[in-house]
Amino acid sequence: MELGRFLSGFIRQSGDDAAMPESVHEEAADALDARPTDRSRVPPGQWVTRGWPVLTYGSTPRFDPARWDLRIVGLVDNPLTWDYETFMNLPTKKVLCDIHCVTTWSLLDSVFEGVPAEYVAEQAGIKPEATHVIAHAEQGYTANLPLADFLRDDVLLAYKHNGENLTLDHGWPLRLMVPHLYFWKSAKWLRGLEFVNADEPGFWEVRGYHMHGDPWTEERYG
């Protein structure tokens, strides 16, 4: 399926909120703590936060479970469309991890729960020529990942954090969770995954962020 056709098939749940202002919204900046207790777990240039800051480009979309679906398309043997009820009954997994934002905060010891990326790949049947995944989210947001990064056993399609459902601001009902890369790769408000045979820059990559985003080697910008 062509990328343009894939995007045009999305239902915009957020109505007029889909317009994105030229600013980044940040909350909880006062939660940053400049005294991390274990620097071995904190990548270079990062500080530990006690809270979970909210950073969103644009507005927070509304969620209607009756209209929501998740699509798995591209270089797969079995394209999939899961509605909300079906998705919430798929097998789940919990992952204990640290997360690292390119804006320099790190949040330690989070437990995320959701559907393993490996399970999604198995159900879809990834074709041998696929090399990358494009995550498609609300409001036209995309993020690119090498297939090898997507298939790690700690990558989730997550909807819970520390035992509670994600809040809308943090991506409810679903976000990609890729803890080993900078957190912009963990796209909020996930609506689809497209498997492709070439790397394609996503929303922030087009704007100068690194194509890969490894926090341990400070792959912040291209």
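Tutor: In this predicted model, Arg220 has a relative accessibility of 10%, so Arg220 counts as buried.

Student: Which residue forms a salt bridge with Arg220?

Tutor: Start with the general idea. Side chains of opposite charge can pair when their charged atoms come close. In this structure, the partner of Arg220 is Glu218, with the closest N and O atoms 3.3 Å apart. Glu218 is partly exposed, at a relative accessible area of 38%.

Student: How many salt bridges does a search of the whole structure find?

Tutor: The search finds nine. One of them pairs the side chains of Arg41 and Asp98, at 2.8 Å from N to O. This pair links distant parts of the chain, 57 residues apart: Arg41 is in the loop between strands S2 and S3, and Asp98 is in strand S7.

Student: Is Asp98 buried or exposed?

Tutor: Asp98 has a relative accessible area of 16%, under the 20% cut-off, and is therefore buried. Arg41, at 26%, counts as partly exposed.

Student: What does Lys127 form with Asp77?

Tutor: Lys127 and Asp77 form a salt bridge, and their closest N and O atoms are 3.0 Å apart. Lys127 sits in the loop between helix H3 and strand S9, while Asp77 sits in the loop between strands S5 and S6, so the pair ties together parts 50 residues apart in sequence. Lys127 is partly exposed at 26% relative accessibility, whereas Asp77 is exposed, with a relative accessible area of 57%.

How values were computed
Residues numbered from 1 in each chain as written. Predicted model: local features only at pLDDT ≥ 70, side-chain atom pairs only at ≥ 80, totals over all residues. Heavy atoms only, no water. Salt bridge = Lys/Arg side-chain N within 4 Å of Asp/Glu carboxyl O. Helix = DSSP H or I, 4+ residues; strand = E, 2+ residues; numbered from the N terminus. Buried < 20%, exposed > 50% of the residue type's maximum accessible area, 1.4 Å probe, protein only.
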